[in-house]
Amino acid sequence: MRKISFVLLIVVGAMGLTGCQGYNRMVEKQEAVTSQWGNVQNAYQRRADLIPNLVNTVKGYAQHEQETFTQVTEARAKATQTTINPENLTAESLQEYQQAQDQLSQALGRLLLIQENYPELKANQNFLALQDELAGTENRISVERNRFNQLAQDYNAYIRKFPQVIYAKWFKFEPKAYFEATPAAQTAPEVQF
């Protein structure tokens, strides 16, 4: 009887240790996803911070394009007001956040098209520098979103594996949503010269 109790104690102890390790790893992975979400938001904020400078530079050259400037300013305001709690990274909340960012991207695209109508704007060093910064920022956003998806995938896979799946349910570790391409991104842009 003592041997059975001793073996049972060892089994329960081993399960407890693996449970603690599994819980701690889930916390680490969840925090990595949350931290990376902060990096995504930081990249979007960088873009939002650059937009007033870009708008003012272009505005100086193309005063009669007021509607485009208004759209960019409104889209920027909406994009910076739309936030997500890192604890609630659901597909729906990410989609709402992405819609606001997509509206801003479309407005920026219209703003950058203004340069085609104003050749002297292309020669302005401030505009060219801001355009390069904006392109670099868009690249950073893409990189940070990709890293976020990788960490979310790692976390989601971990909490679905045995025995973590048991502890994940007990401690309410929920899967994180991924960034996905918008339907408009499925169509290649048409370049015309």
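Predicted model: local features only at pLDDT ≥ 70, side-chain atom pairs only at ≥ 80, totals over all residues.

**The nonpolar cores**

Let me begin with the largest nonpolar core, which has 21 residues, and in which Met 26, Trp 37, Leu 94, Phe 148 and Phe 179 touch the most other members. Helices α1 (2-61), α3, α5 and α6 (164-170) each supply at least two residues of this core. Apart from it there is another core, of 13 residues, among them Val 55, Val 72, Ala 75 and Leu 130. By a nonpolar core I mean a set of buried Ala, Val, Leu, Ile, Met, Phe, Trp, Tyr and Cys residues joined through side-chain atoms within 4.5 Å, where buried stands for under 20% relative accessible area, exposed for over 50%, and partly exposed for what lies in between, with a 1.4 Å probe and protein chains only. Helices here are DSSP runs of H or I, at least four residues long, numbered from the N terminus.

Residues are numbered from 1 along each chain as its sequence is written, and side-chain values use heavy atoms, with hydrogens and water left out.

Returning to Leu 94, and leaving aside neighbours within four places in sequence, this residue is in contact (heavy atoms within 4.5 Å) with Trp 37, Ile 84, Phe 148, Ala 177, Tyr 178 and Phe 179. Ser 93, found in helix α3 (residues 91-117), is buried, with a relative accessible area of 14%, and, not counting residues up to four places away in sequence, Ser 93 touches Ile 84 and Asn 88.

Now to the rings, which pair if the centres of Phe, Tyr or Trp rings (for Trp, the six-membered one) lie within 6.5 Å, and which count as stacked with planes under 30 degrees apart, edge-to-face over 60, and tilted for the rest. By this rule there are five aromatic pairs. In one of them, Tyr 167 and Trp 170 have ring centres 5.4 Å apart and planes at 75°, so the pair is edge-to-face. How exposed or buried are these two? Tyr 167 is buried, at 9% relative accessibility, whereas Trp 170 is exposed, at 59%.
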